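Overall build comes before the details.

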Amino acid sequence: MKIIGTGKMLPSLSVTNNMLATFLDTSDEWIKTRTGINERRLLSDEDLVTLAAQASEEALKDAGLTAKDIDYIICSNVANSFVTPSLSCIVEGKIDAYCPCIDINGACTGFIYALDMAESFLKTKNINNILIVCAEEPSRFTNWKERNTSVLFGDGAAAVVVTKGDDLLSLELNSTSNYEPLYYKLEMEKTPYNRLHEDFQPLVMNGKEVYKLAVSASTADIQTVLREAGLSADDVNYYLLHQANIRIIETIREKLEQPQVKFPHNIEKYGNTSSASIPILLDEMRRSGKIKQGDVLVFSAFGAGFTTGACLFKWNN
Ligand code: ACO
């Protein structure tokens, strides 16, 4: 596989920490020092489908393709107001594509899971171009009456177009069934028969537990993809990590004994955009000319499940 186009779209509304402090018992200082976040983009007048379609169109343009050239759409999303049909089917219509469409929910690791599926499809099906769209609105499942989770997230979408190639050198995925540290339970329709007591919850998170799981799993995944590709941590030009907390990124960096310049971040501007965070960062880095031909890139993410994944690309675009 190789990535031949990237795009992103963020909501226009920027919400600063100080804006949150007007109705939550929090402060700019607490949020900045604990997470690295200064502001986040939140959906107000726009909807997620529009963001996802615009990110997709930008990625197609970047790849020099039209929607008709796309053979498959994989959309990574944790939750949106359409439970069915899939977000990918809705995006397909918006961009005027015609191909099989599927949504996946790998939580914040969704982008790496989507890359893994795309790699398999490219190897086993007679197809050429796959659109991966990561579109997330975590602001719609946190509890805005409490400060623990609502300050951490931002909404956003990013897309990549992948085709056949040899840039993906290794990929590692893991899932451990352990939902207690991080989950969201959606309220479903009542029936005359269901007698179970059901407990619906906006996002519940044990921050300290997630922090520990994230650092150890992400470090281990990165070491695995390096080993599989026969490379060392020093051979990597950039580590694009899931943007959940600058302190998590910093701890992983220290464990890998690498300089800060190799760990780009934009969490300060966008917060945690779930599975969209790595492709948003990738798109920013490409468009600012930071990524050069021949660069070695590692992507690594973690999220609810507990899911984790990493992959290693040699960029030949
Ligand atoms: N403002 C002010 N105080 C707060 C806030 C807030 N927004 N949120 C929590 N606090 C308080 C807590 O109530 C606690 O108060 P107490 O000491 O009186 O009980 C205090 O701050 C310290 O809380 P800690 O949990 O010790 O803070 P910590 O340093 O662990 O930071 C954080 C919390 C930022 C959530 C951190 O644990 C973290 O980032 N964990 C990982 C989170 C993560 O990555 N989530 C997403 C991963 S998966 C995905 O992306 C969906």
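**Entry 1. The whole chain.** I began with burial. Buried residues account for 54% of the 317 residues in the chain. I was working from a predicted model. Next I looked up the secondary structure and found 10 helices and 13 strands. The radius of gyration is 19 Å, close to the 20 Å that the globule rule gives for 317 residues, so the chain is as compact as a globular protein of that length. I then took the extents of the C-alpha trace, which spans about 50 × 45 × 35 Å along its principal axes.

I also looked at contacts. Of those between residues at least 6 apart in sequence, 76% join residues at least 24 apart. The accessible surface comes to about 14,300 Å². Carbon and sulfur atoms hold 50% of that surface.

**Entry 2. Helix 3.** I checked the length of this helix against its residue count. Helix 3 covers residues 48-63, 16 residues in total. At 1.5 Å a residue, helix 3 should span 22 Å, and its end C-alpha atoms are 23 Å apart, which agrees.

Which residues of helix 3 are buried? I listed Leu48, Val49, Leu51, Ala52, Ala53, Ala55, Ser56, Ala59, Leu60 and Ala63. An α-helix has 3.6 residues a turn, so residues three or four places apart point the same way. I kept that in mind while reading the list.

What do the buried residues of helix 3 pack against? I found strand 1 (2-9) and helix 4 (87-95) among the partners. Strand 6 (130-136) and strand 7 (156-163) are also partners of these buried residues. Just after helix 3, I noted Gly64, with a positive phi of about 70°.

**Entry 3. Cysteines.** How many disulfides are there? I counted zero. A disulfide is a covalent bond between the sulfur atoms of two cysteines. I followed up on Cys75. Its closest cysteine sulfur is in Cys134, 7.5 Å away, and that is too far for a bond because the cut-off is 2.5 Å.

I looked up burial too. Cys75 has 0% relative accessibility, so Cys75 counts as buried. Cys108 has 12% and also counts as buried, because the cut-off is under 20%.

**Entry 4. Cis peptide bonds.** Most residues other than glycine have a negative phi, and most peptide bonds are trans. I searched for exceptions, taking the peptide bonds before the phi values.

The bond from Thr84 to Pro85 is cis, with omega near 0°. I placed Pro85 in the loop between strand 4 (72-76) and helix 4. Helix 4 had already come up as a packing partner of helix 3.

The bond from Gly305 to Phe306 is cis as well, with omega near 15°. I placed Phe306 in the loop between strand 12 (296-303) and strand 13 (307-314).

**Entry 5. Positive phi outside glycine.** I noted Glu257, with phi near 55°. Glu257 sits in the loop between helix 8 (246-256) and helix 9 (267-270). Is Glu257 buried or exposed? At 70% relative accessibility, Glu257 counts as exposed.

Ser274 also has a positive phi, about 55°, and is not a glycine. I found Ser274 in the loop between helix 9 and helix 10 (277-287). Is Ser274 buried or exposed? At 3% relative accessibility, Ser274 counts as buried.

Note on methods: Residues are numbered from 1 along each chain as its sequence is written. This is a predicted model: local features need pLDDT of at least 70, side-chain atom pairs count only at pLDDT 80 or more; totals for chains, interfaces and linings use all residues. Side-chain values use heavy atoms; hydrogens and water are left out. Helices (H or I, at least four residues) and strands (E, at least two) are DSSP runs, numbered from the N terminus. The expected span of a helix is 1.5 Å times one less than its number of residues. Buried means under 20% relative accessible area, exposed over 50%, partly exposed in between (1.4 Å probe, protein chains only). Contact means heavy atoms within 4.5 Å. The radius of gyration is taken over C-alpha atoms; the globule rule is 2.2 Å times the number of residues to the power 0.38. Accessible areas come from the Shrake-Rupley method with a 1.4 Å probe; for residues, only the protein chains shown count as cover.
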